Amino acid sequence: MAAQEPSPPSSMESNKPGFPKKILGNKLEDKHLCNCCHNILRRPFQAQCGHRFCSYCFNRTVSNGPQKCSACIKEDIFEDPTSILKQGCAFPDNAVRRELRTCQLFVSMKVALGKAALKSTS
Ligand SMILES: [Zn+2]
Ligand SMILES: [Zn+2]
């Protein structure tokens, strides 16, 4: 039986759009950006067409049914059906997620500092 990893506290994994781009500064690469909110990916998902979205952004985009990928249209590489975004057709991009971990840690540190300043108990 495979050992199950305990799931970490997921406050940074909550359903929100991406992180502000300034966090990564000049280390920022296109692949780190969400094609929907144009911020740094939070819980990166890669669609069939290869574009990446935050989990939140992807779910929001497809919540009303399949959508054409606006990034594909913009880059003029739209192709049916690959460029159609729909539920269940995007997969967690763990490689990018790992790369962004440092950035997420940095954000959580800032959030923690902010909370301490507010003396929040939550
Ligand atoms: Zn996003
Ligand atoms: Zn696309």
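Is His38 buried or exposed? His38 is exposed, with 12 other C-beta atoms within 10 Å. The cut-offs are these: a residue is buried if 20 or more other C-beta atoms lie within 10 Å of its own, exposed if 12 or fewer, and partly exposed in between, with C-beta atoms placed from the backbone.

This is a predicted model, in which local features need pLDDT of at least 70, side-chain atom pairs count only at pLDDT 80 or more, and totals for chains, interfaces and linings use all residues. Residues are numbered from 1 along each chain as its sequence is written, and chains are lettered from A and ligands numbered from 1 in the order in which they are written.

Start with confidence. pLDDT is the predictor's confidence in each residue, from 0 to 100. The chain has a mean of 84, and 83% of its residues reach 70 or more. Over residues 5-12, pLDDT stays under 50. That stretch has 3 contacts beyond four places in sequence. A contact means two residues whose C-beta atoms, placed from the backbone, lie within 7 Å.

Next, the fold. The chain has 4 helices and 5 strands. Both are DSSP runs, numbered from the N terminus: helices are H or I, at least four residues, and strands are E, at least two. Their order is β-β-α-β-α-β-β-α-α. Among these elements, strand β4 (residues 84-85) has the highest mean pLDDT (97), and helix α4 (residues 101-118) the lowest (77). Of contacts between residues at least 6 apart in sequence, 44% join residues at least 24 apart.

Now the interior. Of the 122 residues, 25% count as buried. The largest nonpolar core holds 19 residues. Such a core is a set of buried Ala, Val, Leu, Ile, Met, Phe, Trp, Tyr and Cys residues joined through C-beta atoms within 7 Å. Cys34, Ala47, Phe53, Cys54 and Phe58 touch the most other members. At least two core residues come from each of β1 (44-47), β2 (52-54), α1 (55-62) and α2 (70-75). Beyond its neighbours within four places in sequence, Cys54 contacts several residues, among them Pro17, Cys34, Leu41 and Arg43.

Last, the backbone. Most residues other than glycine have a negative phi, and most peptide bonds are trans. His38 has a positive phi of about 60°. Arg43 also has a positive phi, near 50°. His38 lies in the segment before β1, and Arg43 is found in the segment before β1. Arg43 counts as buried, with 24 C-beta neighbours inside 10 Å. A cis peptide bond joins Asp80 and Pro81, with omega about 5°. Pro81 sits in the loop between α2 and β4.
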